[in-house]
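Subject: Structure for you to look at

Dear colleague,

I am passing on the structure below, and I would be glad if you kept it open while you read my notes.

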Amino acid sequence: MSNLRLKPDATLRRRFMIPESFAHPAKMHAGLLLEIVERYTKPRQWILDPMSGSGTTLLAALSGRNVVAVEKESHFVEPMRRSWEKMRQQVMLGCELGQVVIIQG
């Protein structure tokens, strides 16, 4: 990954996530997440994100991965659920939609 060049992810985030996702103070870069998912997982495998925050990891479900997203902060859980609803409406061609479990814990 040393040669990886990441462009700003605001366009991707706007397409798949609700505006409130921008408010999280420590968002994972969406392009980096997608690169890691493609490189280290296969479709139908499960990904656990124990500190899901804004829910960027949910994007992995658009490429057929299953995601368990756990977030302690209640004020981030509802926006994450709404982002997931938005993502589900924009399934990528050629990929089966993965399962998503969102837990406040």
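Leaving aside residues up to four places away in sequence, Leu58 touches Val67, Ala69, Met80, Trp84, Met87, Val100 and Ile102, where a contact means heavy atoms within 4.5 Å. Please bear in mind that this is a predicted model, in which local features need pLDDT of at least 70 and side-chain atom pairs count only at pLDDT 80 or more, while totals for chains, interfaces and linings use all residues. Residues are numbered from 1 along each chain as its sequence is written, and side-chain values use heavy atoms, with hydrogens and water left out.

Leu58 also belongs to the largest nonpolar core, which has 18 residues and in which Leu58, Leu59, Met87 and Ile102 have the most contacts. Such a core is a set of buried Ala, Val, Leu, Ile, Met, Phe, Trp, Tyr and Cys residues joined through side-chain atoms within 4.5 Å; buried means under 20% relative accessible area, exposed over 50%, and partly exposed in between, with a 1.4 Å probe and protein chains only. At least two residues of this core come from each of helix H2 (30-40), strand S2 (66-71) and helix H3 (74-88), and H3 gives the largest share, four residues. In soluble globular proteins, nonpolar side chains tend to be buried together.

The helices (H or I, at least four residues) and strands (E, at least two) are DSSP runs numbered from the N terminus. The chain has three helices and three strands, which follow the pattern α-α-β-β-α-β when read along the sequence.

What does H3 pack against? Its buried residues are Phe76, Val77, Pro79, Met80, Ser83, Trp84 and Met87, and these pack against helix H1 (10-16), S2 and strand S3 (100-104). The expected span of a helix is 1.5 Å times one less than its number of residues, so the 15 residues of H3 should span 21 Å, and this agrees with the 22 Å between its end C-alpha atoms.

Ile18, in the loop between H1 and H2, counts as buried because its relative accessibility is 10%. Ile18 touches Pro79, Arg82, Ser83 and Lys86, again not counting residues up to four places away in sequence, and although Ile18 and Pro79 are 61 residues apart in sequence, their C-alpha atoms are 7.2 Å apart in space.

Thr41, by contrast, is placed in the loop between H2 and strand S1 (46-49) and counts as buried, at 18% relative accessibility. The side chain of Thr41 reaches the backbone oxygen of Val37 at 2.6 Å, and Thr41 touches Ile36, Ile47 and Arg65, not counting residues up to four places away in sequence.

Finally, for the chain taken as a whole, buried residues make up 39% of the 105 residues, and the C-alpha trace spans about 35 × 25 × 25 Å along its principal axes. Among contacts between residues at least 6 apart in sequence, 58% join residues at least 24 apart.

With best wishes

Technical notes
Polar contact = N/O pair within 3.5 Å; in protein donor to acceptor, adjacent residues only side chain to side chain.
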